[in-house]
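This report covers one protein chain.

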Amino acid sequence: MALLTKSRYMQALQCKKLFWLSLQKHPSLKPSDIQQFIFDQGHDVGFQAHQLFPDATLVDHHLPFMEKIALTRQLINSKETMFEGAFLWNKCYCQVDILTFNDNGWDLIEVKSSTSLKPTHIQDVAFQYFILTHLGIPINNAYVYVINTDYIRVQDINTQQLFSVCNITNDVKAKQTETHQKITECLEILHVEYS
């Protein structure tokens, strides 16, 4: 089953040809050494953010696809904080860095190795927000955690001071009509490629 993943969606926003190439699994899209280093750095930063939620459950990326979806649903039903929750709606798929229950709803947290909030971060979270709300999951707040440039490491990393928290809830809600339109366009391309 071909899916509109978050990475494919972000590619489509950047360039429709790039999106099409990703559907073809074109060899030119293999990450360079520099890109791979950036991806690895992002994983390291994500690990540090996990330290802020020591009781959370990780939805292991090694699990078979449908098991990730099922485990995520169990954690939603039991209102447990999770890392890498997996969500599928109408051929749209995303994994959420951190999802934590708060005041009869959920806080969606995206962790970035960037030192500042960027417009693409809002689009990234808007895609996740769209999927989760269409699955009937109430989202109270949407946040992006970025690296705090004022933080100076002395010895061990202090994860409480490592991140700056950006509340982008209103920005994400304002993007929902545009996100819906872009998703519809992407799904049309996806349908043509795989029909």
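Buried means under 20% relative accessible area, exposed means over 50%, and partly exposed lies in between (1.4 Å probe, protein chains only). Helices (H or I, at least four residues) and strands (E, at least two) are DSSP runs, numbered from the N terminus. The model is predicted, so local features need pLDDT of at least 70 and side-chain atom pairs count only at pLDDT 80 or more, while totals for chains, interfaces and linings use all residues. Residues are numbered from 1 along each chain as its sequence is written, and side-chain values use heavy atoms, with hydrogens and water left out.

**Helix H5**

Twelve of the 16 residues of H5 are buried, so this helix is largely enclosed by the rest of the structure. Among the buried residues are His121, Gln123, Asp124, Phe127, Tyr129, Phe130 and Leu132. H5 covers residues 119-134, and at 1.5 Å a residue it should span 22 Å. The expected span is 1.5 Å times one less than the number of residues. The end C-alpha atoms of H5 are 23 Å apart, which agrees. Just after H5, Gly136 takes a positive phi of about 85°.

**Salt bridges**

A salt bridge is a side-chain nitrogen of Lys or Arg within 4 Å of a carboxyl oxygen of Asp or Glu. Side chains of opposite charge can pair when their charged atoms come close. The whole structure holds five salt bridges, including those in the table.

| Lys residue | Glu residue | Closest N and O atoms |
|---|---|---|
| Lys6 | Glu110 | 3.2 Å |
| Lys112 | Glu110 | 3.1 Å |
| Lys175 | Glu178 | 3.2 Å |

Lys175 is partly exposed, with a relative accessible area of 23%, and Glu178 is partly exposed at 31%. Salt bridges that share partners join Lys6, Glu110, Lys112 and Asp124 into one network. Asp124 is one of the buried residues of H5.

The salt bridge between Lys6 and Glu110 links distant parts of the chain: Lys6 lies in helix H1 (residues 6-14) and Glu110 in strand E5 (residues 105-111), 104 residues apart. Lys6 counts as buried at 17% relative accessibility, and Glu110 counts as buried at 2%. Lys112 also counts as buried, at 17%.

**Nonpolar cores**

A nonpolar core is a set of buried Ala, Val, Leu, Ile, Met, Phe, Trp, Tyr and Cys residues joined through side-chain atoms within 4.5 Å. The largest such core has 37 residues, and those with the most contacts inside it are Leu4, Phe87, Leu99 and Leu132. H1, helix H4 (65-77), strand E3 (82-89), strand E4 (92-102), E5, H5, E6 and helix H8 (176-194) each supply at least two residues of this core. Its largest share, eight residues, comes from H5.

Contact means heavy atoms within 4.5 Å. Leaving aside neighbours within four places in sequence, Leu99 is in contact with residues including Ile76, Met82, Phe87, Trp106, Leu108, Leu132 and Ile139. A second, separate core of 14 residues includes Ile109, Val111, Tyr145 and Phe163.

**Strand pairing around E3**

Two strands pair if DSSP finds at least two bridges between them. Strand E2 (residues 57-58) and E3 pair in the parallel sense over two bridges, and the bridge partner of Thr57 in E3 is Met82. E2, H4 and E3 make a right-handed β-α-β unit. Right-handed here means that, with the strands pointing away from the viewer, the path from the first strand over the helix to the second runs clockwise.

E3 and E4 run antiparallel and are joined by seven bridges. Ala86 stands opposite Gln95 in E4. The two strands form a hairpin with two residues between them.

**Loop residues**

Most residues other than glycine have a negative phi. Asn90, in the turn of the E3 and E4 hairpin, has a positive phi of about 45°. Asn90 is partly exposed, with a relative accessible area of 48%. Asn104 has a positive phi of about 60° although it is not a glycine. Asn104 lies in the loop between E4 and E5 and counts as exposed at 68% relative accessibility.

Thr149 is found in the loop between strand E6 (139-147) and helix H6 (159-162). Thr149 is exposed, with a relative accessible area of 58%. Thr149 and Leu162 are 13 residues apart in sequence and 8.2 Å apart in space, C-alpha to C-alpha.
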